[in-house]
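Student: I have a model open and want to learn how to read its features. Can we go through them in turn?

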Amino acid sequence: MPKSIPGYFIRVLLSTCILFTITLASTAHAASANIFSDIYSGWERVSELPGEVNALQESYKQTLEQLNQTSTQLGQAQASVEAFKAQNEQLLAQNQKLTEMVSKLQNEQDARTATTQRIQTMVITVVSLIAGYFLLIRVMRWGMRRRSGRV
């Protein structure tokens, strides 16, 4: 029995080697070209990584600088907006005062115009009454003279 175990072991070992050799032989051409090209392309990728990392770091630094500039500009814009709001409130207050003043001046002008119209109407009425009085007296005198026969 001990002689049969080594023979069996040798047969299994030999069969395994034959199968392994056939497997390698059938895929050797495709695998050998692919393996070397894969190794080469992998090596190229690994060798390009530091450059890509440096480019990414530079891009990151530029992005941070742009972010800082944008933050600064945003702060300045907010300060400008606050200044414009304060100025706008002041201008609104001035506008309100000017509107009140214009309204007051307009009311005074309207009052003056009304007073001037009233005075003008009174003057015309007085002149018309006086002229009418003298005309009426003249017409009455003329009528009385005519009746009395002096004419």
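Student: Which residues make the nonpolar surface patch?

Tutor: A patch gathers residues with over 30% relative accessible area and no salt bridge; nonpolar side chains (Val, Leu, Ile, Met, Phe, Trp, Tyr) are joined within 5 Å, like charges within 9 Å. Here Ile119, Met122, Val123 and Val127 build a nonpolar patch of about 380 Å². Areas follow the Shrake-Rupley method with a 1.4 Å probe, and for residues only the protein chains shown count as cover.

Student: What kind of model is this?

Tutor: The model is predicted: local features need pLDDT of at least 70, side-chain atom pairs need 80 or more, and totals for chains, interfaces and linings use all residues. Numbering runs from 1 along each chain as its sequence is written, and side-chain values use heavy atoms, without hydrogens and water.

Student: In which helix is Val127 found?

Tutor: Helices are DSSP runs (H or I, at least four residues; strands are E, at least two), numbered from the N terminus. Val127 sits in helix α1, residues 4-148. The chain has one helix and zero strands.

Student: What does UniProt list for residues 119-140?

Tutor: An unreviewed UniProt entry lists them as "transmembrane region". Such annotations may be inferred rather than shown by experiment. In the model, residues 119-140 are 100% helix and 0% strand, with end C-alpha atoms 31 Å apart.

Student: Where is the salt bridge?

Tutor: Side chains of opposite charge can pair when their charged atoms come close. The cut-off is a Lys or Arg side-chain nitrogen within 4 Å of an Asp or Glu carboxyl oxygen. The structure holds one such bridge. Glu108 and Arg112 form it, at 3.8 Å, N to O. They are four residues apart in helix α1, so about one helical turn separates them.

Student: How is the aromatic pair described?

Tutor: By the distance of the ring centres and the angle of the planes. Centres must lie within 6.5 Å; planes under 30 degrees apart are stacked, over 60 edge-to-face, the rest tilted. Tyr133 and Phe134 are edge-to-face: 5.7 Å centre to centre, 65° between planes.

Methods
Phe/Tyr/Trp six-rings, centres within 6.5 Å; stacked < 30°, edge-to-face > 60°.
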